[in-house]
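Keep it brisk and give the cut-offs.

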Amino acid sequence: MSGPLDYQWEEERYTDGSKWRFLEHKGPVFAPPYEPLPSKVKFYYDGKPMKLSAPAEEVATFFAKMLDHEYTTKDIFRKNFYKDWRREMMSEEKSKISDLNKCDFTEMSDYFKAQSEARKQMSKEEKLKNKEENERVLQEYGFCMMDNHKERIGNFRIEPPGLFRGRGDHPKMGMLKRRIRPEDIIINCSKDSKHPKPPQGTRWKEVRHDNKVTWLVSWTENIQGSIKYIMLNPSSRIKGEKDWQKYETARRLKKCVDRIRGQYRDDWKSKEMRIRQRAVALYFIDKLALRAGNEKEEGETADTVGCCSLRVEHIKLYPEMDGQEFVVEFDFLGKDSIRYYNKIPVEKRVFKNLQLFLENKQSEDDLFDRLNTSILNKHLQELMDGLTAKVFRTYNASITLQQQLKELTSPEENIPAKILSYNRANRAVAILCNHQRAPPKTFEKSMQNLQTKIDAKKDQLSDARRELKSAKADAKVRKDEKTKKAVETKKKAVQRIEEQLMKLEVQATDREENKQIALGTSKLNYLDPRISVAWCKKWDVPIEKIYNKTQREKFAWAIDMADEDFAF
DNA sequence: AAAGTAACTTAGGAACTGAAGT
DNA sequence: ACTTCAGTTCCTAAGTTACTTT
């Protein structure tokens with residue numbers, strides 16, 4: 001495969017840390033301005049209709065749009081919302097409205113529901129018109145020129161204002177995420193490019209020309225005070241090369257992982273506490289694919305942890321459990337407040353060390369009190385150039401996929417069965433990395449539907465078999481060409497139906513096993529795509545069965561590069 | 001060495017879309 | 001033509017890491 005969209009992946013690598021020479025783009029697309037509600041849609045305070053000023057009304061609509069969500073009933077959400085809402089009110093509104101519980105947003109809420117219903121009911125022509133308009137905006141703002149390539153931009157739309165909803169038990173849920181204006185925006189582009197124009201009558205906060213970074217646009221968000229960026233799409237050269245580099249680092253780890261494992265096992269015996277802690281933490285990161293675990297500012301975010309920030313309360317030690325010795329039980333909330341629960345037997349030395357680390361501590365104390373991510377990563381850097389905690393996740397994920405594919409793929413199986421094997425290998429990785437999802441709301445139903453199809457297919461199969469049988473009997477008696485041919489046709493039909501049935505059954509298995517597991521994250525971020533490309537080539541599985549269009553674009557470099565002999 | 005800043009990757013769920021089923 | 005559902009895309013929060021400042 002080669003064409004104008006292909007990259008020569010090794011072209012122009014800058015050695016001075018610069019990321020590009022030329023960068024030209026049109027700037028961001030702003031959120032549409034607020035449209036006041038029609039006057040017939042009323043807000044009620046204490047049972048009486050009340051006309052709100054535009055700024056107060058806008059914030060009220062944010063709340064109204066979320067009314068069906070459980071979190072609008074949560075104290076923290078309501079408290080944060082109410083506080084920020086009041087800041088947008090005029091002084092009379094402030095004095096009139098003194099209790100959120102007396103606010104009635106239901107008319108607003110119903111209005112928005114009706115609106116979205118109306119949007120669904122739009123005529124074909126209107127839908128087409130919308131689609132064309134979106135396409136036009138995409139063509140105008142969705143691409144940029146970076147060096148000699150036209151590249152797709154990832155997120156060229158500025159995040160619209162609304163109420164912040166963090167994940168898990170977030171102390172800031174319900175706060176107002178304010179509208180971003182041109183005056184908040186920093187533009188990054190090259191000096192010699194045509195600079196993006198701010199909307200009529202406005203100006204950018206700043207235009208800079210920093211080619212040491214990859215972003216095109218940035219602004220500071222008001223909830224956490226962090227910076228948000230507009231960057232390129234994963235299909236871009238700059239992202240692709242970085243991704244490739246990531247997997248090359250993981251492959252370098254493969255070469256020295258035995259040495260490193262030997263080293264941390266030795267360190268379990270160190271006379272220095274900090275070294276023992278470092279070594280046990282690294283063992284967890286390696287064996288369980290835990291995240292590094294930076295410390296977080298209390299009260300600013302949900303209370304989640306990773307390896308280095310584990311607390312006493314997150315593990316339990318069992319000298320003996322279910323016939324196994326030295327079992328550690330983990331139970332904590334990780335990234336995105338996803339629960340990590342695992343019971344694993346560990347080596348005696350690890351167990352003894354953990355007991356030591358727990359001595360004289362309260363449940364809310366740090367398990368590894370002499371360790372943090374910075375110390376750990378500094379140590380890792382000394383063990384291998386470019387090594388950090390997250391490289392272990394990448395390495396263990398990719399090596400697991402490769403091993404599992406080898407183990408699970410049977411040469412004689414057909415393509416659907418091979419794909420099931422692939423998904424099972426993928427699943428092993430997702431389980432390792434604890435990539436969970438909420439069971440889809442329609443899960444039970446969709447399983448049922450599939451079962452119905454399977455039953456129907458089974459009926460169809462027995463019918464076809466019966467027909468085949470009678471055709472055979474017929475052929476035995478008549479012995480002419482016509483009946484012989486009929487037998488062949490029926491045979492084919494049976495075969496085809498068997499295959500279809502098998503495909504459905506495989507699909508059901510796959511879906512059932514996937515109920516609470518998300519494969520996408522590992523596929524997109526942890527698995528060296530060359531492993532999958534090589535596997536597809538080896539077993540003649542079309543790459544389209546494994547990667548959809550977007551994924552093929554993201555992994556173009558790997559599809560280009562890997563042959564069937566590729567080994568991670 | 002602790003805290004703060006910046007840039008970038010990783011993450012799950014919501015919204016959207018288009019194809020299959022009725 | 002209309003609905004339903006699965007797959008895809010969008011959205012943006014939440015991490016990691018390197019670097020700078022105090």
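Contact here means heavy atoms within 4.5 Å. With residues up to four places away in sequence left out, Asn233 touches Arg152, Ile153, Gly154 and Lys239.

This is a predicted model, in which local features need pLDDT of at least 70, side-chain atom pairs count only at pLDDT 80 or more, and totals for chains, interfaces and linings use all residues. Residues are numbered from 1 along each chain as its sequence is written, chains are lettered from A and ligands numbered from 1 in the order in which they are written, and side-chain values use heavy atoms, with hydrogens and water left out.

**Asn233**

Asn233 sits in the loop between β12 (227-230) and α6 (237-267). Helices (H or I, at least four residues) and strands (E, at least two) are DSSP runs, numbered from the N terminus. Asn233 is buried because its relative accessible area is 16%; buried means under 20%, exposed over 50%, and partly exposed in between (1.4 Å probe, protein chains only). Its side chain makes a polar contact of 2.7 Å with the side chain of Ser235. A polar contact is a pair of N or O atoms within 3.5 Å; within protein, one must be able to donate a hydrogen and the other to accept it, and residues adjacent in sequence count only if both atoms are side-chain atoms.

A residue is near a strand if one of its heavy atoms lies within 4 Å of it. There are 30 residues around DNA strand C, and Arg167, Lys228, Gly293, Lys390 and Thr550 come nearest.

| Residue (backbone N or O atom) | Distance to a phosphate oxygen of DNA strand C |
|---|---|
| Arg167 | 2.7 Å |
| Asp336 | 3.1 Å |
| Ala389 | 3.2 Å |

By class, this surface has four nonpolar, 14 polar and twelve charged residues. Asp, Glu, Lys and Arg count as charged; Ala, Val, Leu, Ile, Met, Phe, Trp, Tyr, Cys and Pro as nonpolar; the others, Gly among them, as polar. α9 (373-383), α10 (389-408) and α12 (443-478) each supply at least two of its residues. The largest share, three residues, comes from α12.

**Tyr526**

An unreviewed UniProt entry places the feature "active site" at Tyr526. Such annotations may be inferred rather than shown by experiment. Tyr526 lies in the loop between α14 (520-525) and α15 (529-539). Is Tyr526 buried or exposed? Tyr526 counts as buried, because its relative accessibility is 15%. Beyond its neighbours within four places in sequence, Tyr526 is in contact with Tyr247, Arg393, Thr394, Ala397, Ser398, His435 and Thr521.
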